[in-house]
Amino acid sequence: MTTKLVWKNPNATVSCEWLHNNLNNPDIRIYDCTTYLHYQDNDPSLPYIVESGRKKYEIKHIKNSNFMDLHLDLSDEKSPYRFTLPKLEKLADKFKNLGIGADFHIILYSRNGAQWSARLWWMLRSVGIDNVSILDGGFNEWERNGLPTSQKILNFPPSDFEFTPRENIFVNKQVVIDAIDNPESVILNSLTRDIHKGQNPRYGRLGRIPKSKNIPFHELLDSETGKFKAIEELTKIFEINKITKDKNIVNYCGGGIAASLEAFVLYQLGFENVVIYDNSLHEWAAIDQTLPMEND
């Protein structure tokens with residue numbers, strides 16, 4: 001008898017239909033966490049210009065939602081990288097000021113891929129907030145279904161939660177170095193295949209972290225709806241790539257965003273040991289020239 005596959009935490013995603021039915025529930029707080037990347041070809045130390053999604057939010061957003069600014073408010077402003085995780089104590093205070101609290105079910109959505117919601121999902125988890133869901137399909141799916149939007153700018157009052165840090169979710173380059181020759185670890189690149197193979201110089205030095213495997217993050221989403229693929233399809237993708245649950249999985253990409261999506265899917269498939277290399281290739285390939293690279 002075949003065991004039916006199920007998400008580890010079915011409540012970590014919600015459908016547009018579910019959110020529509022619960023849109024006026026006072027125990028729910030909804031956040032647009034869209035960020036845009038404008039890629040550049042002439043400066044590997046600055047592979048993309050970051051644009052906040054706030055302007056698009058102000059024009060139109062899901063009714064009753066607030067905005068989270070990942071780049072300008074929720075990343076380490078002193079870091080040379082674009083999205084470095086702040087100190088967890090500081091991050092917790094930022095979330096509290098945005099209205100994140102233990103009494104609320106937090107819903108995250110974005111307009112240009114679930115990777116932005118996944119990044120915030122893991123960041124919230126890192127400070128001890130677990131009642132968080134990603135809107136499957138995001139804002140685009142919401143609009144396709146003709147569901148209510150608004151121009152009203154909403155700011156939730158500050159809230160509170162018990163700060164219980166998880167310091168092992170986002171890791172630094174030393175953890176990655178140690179994983180290269182560790183048979184118990186798998187290093188997984190979430191970027192496109194041309195970058196992985198060394199055919200695209202976006203991050204300066206060509207190629208990938210040595211011995212890493214490649215599953216482009218967009219292959220985990222339906223290309224038309226932006227929703228997560230069926231659990232059976234996702235399971236098969238990782239099985240084909242011989243990524244098994246007995247390994248420690250180190251996820252990386254360009255700046256820790258796409259890797260967050262891949263880590264989220266692995267978590268939902270029941271992988272227990274999943275981490276995200278925070279600064280990823282922006283540090284490894286573009287800034288620290290001493291780190292080893294591999295290409296085809």
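Predicted model: local features only at pLDDT ≥ 70, side-chain atom pairs only at ≥ 80, totals over all residues.

1. Residues are numbered from 1 along each chain as its sequence is written, and side-chain values use heavy atoms, with hydrogens and water left out.

2. Helix H5 (residues 115-126) packs with helix H10 (residues 258-268) at an angle of about 70 degrees, their axes being 7 Å apart; helices are DSSP runs of H or I with at least four residues, strands are E runs of at least two, and both are numbered from the N terminus. Axes are lines fitted to C-alpha atoms, for helices over the stretch in contact, and angles run from 0 to 180 degrees between N-to-C directions. H5 is therefore roughly perpendicular to H10, a label given to angles of 65 to 115 degrees.

3. In the contact of these two helices (heavy atoms within 4.5 Å), Gln115, Ala118, Arg119, Trp121, Trp122 and Arg125 of H5 meet Ala258, Ser260, Leu261, Ala263, Phe264 and Tyr267 of H10. By class, eight of the residues in the contact of H5 with H10 are nonpolar, two are polar and two are charged (nonpolar: Ala, Val, Leu, Ile, Met, Phe, Trp, Tyr, Cys and Pro; charged: Asp, Glu, Lys and Arg; polar: the others, Gly among them).

4. The axes of helix H4 (residues 88-97) and H5 come within 9 Å and cross at roughly 110 degrees, and H4 and H5 are therefore roughly perpendicular to each other. Leu88, Leu91 and Phe95 of H4 make this contact with Leu120, Met123, Leu124 and Ser126 of H5, and by class it has six nonpolar, one polar and no charged residues.

5. The largest nonpolar core has 79 residues, and those with the most contacts inside it are Met68, Phe95 and Leu108; such a core is a set of buried Ala, Val, Leu, Ile, Met, Phe, Trp, Tyr and Cys residues joined through side-chain atoms within 4.5 Å, where buried means under 20% relative accessible area with a 1.4 Å probe and protein chains only. H10 gives the most to this core, with eight residues. Apart from it lies another core, of 15 residues, including Val14 and Tyr57.

6. Helix H11 (residues 280-287) is mostly covered, with seven of its eight residues buried. Its buried residues pack against helix H7 (173-180), helix H8 (193-197), strand E13 (248-252) and strand E14 (274-277).

Technical notes:
Parallel < 35°, antiparallel > 145°, perpendicular 65-115°, else oblique. Buried < 20%, exposed > 50% of the residue type's maximum accessible area, 1.4 Å probe, protein only.
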